[in-house]
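Please open the model in your viewer and keep the selection panel at hand.

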Amino acid sequence: MNTTALLDLRGISVTVGGVHILTDVDLRVHADEVVGVIGPNGAGKTTLFNTVTGFVRPTAGEVAWLGEPITRLPAHRIARKGLVRTFQNVGGFADLTVERNLLLAAGRHAPDVVREVRDLLELHPCWEMRVGDCSLATRKLVGIAVAVVRRPRLLLLDEPLAGLDSTDRDHVVQMIRKVHSEGVAICLIEHDIARTRQLVDRLVVLDTGRKVADGEPDEVLGRPELAETYLA
Ligand SMILES: Nc1ncnc2c1ncn2[C@@H]1O[C@H](COP(=O)(O)OP(=O)(O)OP(=O)(O)O)[C@@H](O)[C@H]1O
């Protein structure tokens, strides 16, 4: 594994209205890695992504990107650095075609990058369709494509498999692997533990705002207290 830490979170806490949503969370993601973030509903996983990407300001702690602090940068400046995310249930503008969504997102990189990403994520069949008319699986892929045309070095995926059937989940996993094979590090939030386990190099577990595990998937899921929760 390349030892360069792309992303380095130290002591991140988020408190909203006196409620502790995240408490003292450390997280590193290296170039080349695929990291899974799991945990029960309300554990703080999306808040962690929101903090990394500038949508939520931490109450304490620092976020560093390639060794530079980015904790207080606005979201659009963070994205321009190559740290790009997807949102739960968002796959682009519903009234625009898939192609138009990607062209808009690509900005100065279009249209060469748009063609590359269309081919990589096998979006030909839906290219001319309005996103609102596409299947959920396709909308999920469009959400990933919209992020990938921004040329991320690290892609944060928020529940890319949620709501999909088994066949579509396998397809989206395959597409995530293809994105990673292009040299993009990936950090994903997921509830599908079996597929996440197969996909990631490292598994991070959040519970009630605290990191309770961080290690190789087999080691983490082999811990009796976690196996009971996640593999039951
Ligand atoms: N802006 C906010 N104001 C108040 N409470 C919030 C805010 N954002 C998040 N929360 C609360 O913080 C907790 C963590 O939410 P978050 O969405 O980060 O969890 P999650 O682990 O992503 O959950 P899920 O798996 O259900 O998506 C929840 O109890 C949520 O209601």
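For the classes used on this tour, Ala, Val, Leu, Ile, Met, Phe, Trp, Tyr, Cys and Pro count as nonpolar, Asp, Glu, Lys and Arg as charged, and the others, Gly among them, as polar. With that division, the lining of the largest pocket holds 12 nonpolar, 6 polar and 2 charged residues. Bear in mind throughout that this is a predicted model.

To find the pocket, select Arg85, Phe87, Val90, Val146 and Arg150, which lie nearest its centre among the 20 residues that line it. Then colour helix H2 (75–80), strand S6 (83–85), helix H3 (98–106) and helix H5 (136–148), the elements that each give two or more residues to this lining. The space in the largest pocket amounts to about 420 Å³.

Next, select the ligand and the 13 residues that surround it, of which Asn41, Gly42, Lys45, Thr46 and Thr47 are the closest. Helix H1 (residues 45–52) supplies the largest share of this shell, 3 residues, and by class the shell divides into 4 nonpolar, 7 polar and 2 charged residues.

At glycine 44, a polar backbone atom is 2.9 Å from an oxygen atom of the ligand. Finally, show the ligand surface: of the 640 Å² of accessible area that the ligand has on its own, the protein covers 55%.

Notes. Residues numbered from 1 in each chain as written. Predicted model: local features only at pLDDT ≥ 70, side-chain atom pairs only at ≥ 80, totals over all residues. Heavy atoms only, no water. 1 Å grid on protein atoms, 1.4 Å probe; cavity = no way out; pocket = protein on both sides within 12 Å on 5 of 7 lines; lining within 4 Å. Points joined across faces, edges and corners; volume = space filled by probe spheres on them. Helix = DSSP H or I, 4+ residues; strand = E, 2+ residues; numbered from the N terminus. Near = heavy atom within 4 Å. Polar contact = N/O pair within 3.5 Å; in protein donor to acceptor, adjacent residues only side chain to side chain. Areas by Shrake-Rupley, 256 points an atom, 1.4 Å probe, with all protein chains shown as cover.
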